[in-house]
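Thanks for coming, everyone. I'd like to walk you through one chain today, so please have a look at it on the screen.

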Amino acid sequence: MCYCYILYSESLDKYYIGHSCERLQERLRKHLSNHKGFTSKAKDWIIIYFENFNSKIEAYKREREIKAWKSKSKIQKLIGEINQIEHPDL
C-alpha cells in the first residue's frame with residue numbers, strides 16, 4: 001500500500017504534501033527527526049489527510065496533482081471535504 005499524504009504544522013501554518021510506501025507513522029517519524037529539508041523547520045507536523053494507492057507511481061501522480069494547485073484554500077477544501085464525510089456531526 002502506498003499513500004499520498006498531507007502534513008500540517010500549526011507553528012508554521014504550512015502544509016506539506018508527500019507520498020510514500022512506508023507506514024504513515026514511520027514516515028511521519030522521519031519527518032520529525034533531525035534532517036535537512038522543508039519539514040525540518042518545525043517539530044509539530046501531524047498527518048491531517050491521506051489517500052491510499054496500489055502503486056508508488058499512482059501516489060506520486062496524486063502528490064504532483066495537489067502540489068500543482070499551489071493553493072492553500074484548495075488543500076483546505078480537500079481536507080474539509082473528507083472531514084465532513086468522516087464526521088458529519090461537526
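Buried residues account for 33% of this chain of 90 residues, and please keep in mind that we're looking at a predicted model.

Now, what pattern does the chain follow along the sequence? It reads β-β-α-β-α-α, which gives us three helices and three strands.

Let's turn to the sheet. The three strands make an open sheet, ordered S2-S1-S3, with antiparallel pairing. Which strands stand at the edges? Those are S2, residues 14-20, and S3, residues 45-53. Each of them has a single partner strand, so one side of each has no neighbour in the sheet. On average, neighbouring strands here are turned by 20° against each other, if we ignore direction.

Let me zoom in on one of these pairings. S1, which covers residues 2-9, pairs with S3 over eight bridges, in the antiparallel sense.

One last number, on contacts. Taking the contacts in the chain with a separation of 6 or more, 58% are between residues 24 or more positions apart.

That's my tour, and I'm happy to take your questions.

Technical notes. Residues numbered from 1 in each chain as written. Predicted model: local features only at pLDDT ≥ 70, side-chain atom pairs only at ≥ 80, totals over all residues. Heavy atoms only, no water. Pairing = 2+ DSSP bridges. Helix = DSSP H or I, 4+ residues; strand = E, 2+ residues; numbered from the N terminus. Axes fitted to C-alpha atoms, helices over the stretch in contact; angles between N-to-C directions. Buried < 20%, exposed > 50% of the residue type's maximum accessible area, 1.4 Å probe, protein only. Contact = heavy atoms within 4.5 Å.
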